[in-house]
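Me: I have a model open and would like to learn how to read it feature by feature. Could you walk me through it?

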Amino acid sequence: MSSRMLLGWTKKCKGRIHGVSCRGNRISFGRYALQALEPARITSKQIEAGRRAISRTVQRGGQIWTRVIADKPVTAKPAETRMGRGKGGTKYWAAVVKPGRILYEIGGTAESVAKKAIAIAASKMPIRTKFVAGSSKLPLDSVYAH
């Protein structure tokens with residue numbers, strides 16, 4: 001079944017990213033994780049770049065879990081197009097990430113290797129992130145200081 005059939009609609013509304021993540025904010029599979037500290041839309045290419053960086057660093061030493069999926073189509077109209085004629089075509093796919101969301105998890109490796117792999121993956125992300133160890137959860141006060 002194609003991803004188009006699973007989603008139902010090929011185009012979605014833009015939406016807003018409010019609040020903190022109440023789902024996917026705990027380590028569920030591995031021992032170490034990369035956690036988002038800012039709200040953003042992360043593209044499928046950025047997610048894949050981070051996954052490749054982690055797998056290249058960890059090599060065959062451990063397991064990797066990608067906890068975000070680019071399931072939102074982002075549309076755009078071509079440059080120098082006249083107004084009207086409907087919404088533009090899908091330009092890329094993105095994942096909506098709220099503060100506190102776990103992006104990647106690593107298990108079966110030493111902490112030093114996991115820290116190095118997570119640091120490389122964090123450099124591929126367009127947002128501030130943090131290395132998390134164990135089954136800890138980011139306190140909400142540290143994400144949003146009003």
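Predicted model: local features only at pLDDT ≥ 70, side-chain atom pairs only at ≥ 80, totals over all residues.

Me: What helices and strands does the chain have?

Reply: Helices (H or I, at least four residues) and strands (E, at least two) are DSSP runs, numbered from the N terminus. Here there are four helices and seven strands, and along the sequence they follow the pattern α-β-β-α-β-β-β-β-α-β-α. Ala95 sits in strand β5, residues 89-97. For the chain as a whole, buried residues make up 33% of its 146 residues. Among contacts with a separation of 6 or more, 81% are between residues 24 or more positions apart.

Me: In which order do the three strands of the open sheet with β5 lie?

Reply: Strands of a sheet pair through backbone hydrogen bonds, either parallel or antiparallel. The working rule is that two strands pair if DSSP finds at least two bridges between them. The order in this case is β2-β5-β4, with antiparallel pairing. Because β2 (40-43) and β4 (72-76) each have a single partner strand, they stand at the edges, and one side of each is left without a neighbour in the sheet. Neighbouring strands here are turned by 50° against each other on average, direction ignored. Between β2 and β5 there are four bridges, and Arg41 has Val96 in β5 as its bridge partner.

Me: What is the strand order in the open sheet of four strands?

Reply: That one reads β3-β6-β1-β7, again with antiparallel pairing. Its edge strands, each pairing on one side only, are β3 (63-66) and β7 (129-133). Next, four bridges join β6 to β1, with Gln35 opposite Ile102. Finally, β1 is joined to β7 by five bridges, and there Ala36 has Thr129 as its bridge partner.

Me: Which residues of β1 are on each side?

Reply: In a regular strand the side chains alternate between the two faces of the sheet. For β1, Tyr32, Leu34 and Ala36 are on one side, Ala33 and Gln35 are on the other, and all are buried. With five of its five residues buried, β1 is therefore largely enclosed by the rest of the structure.

Me: Which strands does each of the helices α2 and α3 lie across?

Reply: For angles, axes are lines fitted to C-alpha atoms, for helices over the stretch in contact, and the values run from 0 to 180 degrees between N-to-C directions. Helix α2 (residues 44-58) lies across β3 and β6, at about 15° to β6. The same helix α2 also lies across β2 and β5, at about 70° to β2. Helix α3 (residues 111-124) lies across β1 (32-36), β6 and β7, at about 25° to β1.

Me: At what angle do the axes of α2 and α3 cross?

Reply: They cross at roughly 155° and come within 8 Å. Angles under 35 degrees count as roughly parallel, over 145 as roughly antiparallel, 65 to 115 as roughly perpendicular and the rest as oblique. The two helices α2 and α3 are therefore roughly antiparallel.

Me: Which residues of α2 and α3 meet?

Reply: From α2 there are Gln46, Ala49, Gly50, Ala53, Ile54, Thr57 and Val58, which meet Val113, Lys116, Ala117, Ile120, Ala121 and Lys124 in α3. By class, this contact has eight nonpolar, three polar and two charged residues. Ala, Val, Leu, Ile, Met, Phe, Trp, Tyr, Cys and Pro count as nonpolar, Asp, Glu, Lys and Arg as charged, and the others, Gly among them, as polar.

Conventions
Residues numbered from 1 in each chain as written. Heavy atoms only, no water. Contact = heavy atoms within 4.5 Å. Buried < 20%, exposed > 50% of the residue type's maximum accessible area, 1.4 Å probe, protein only.
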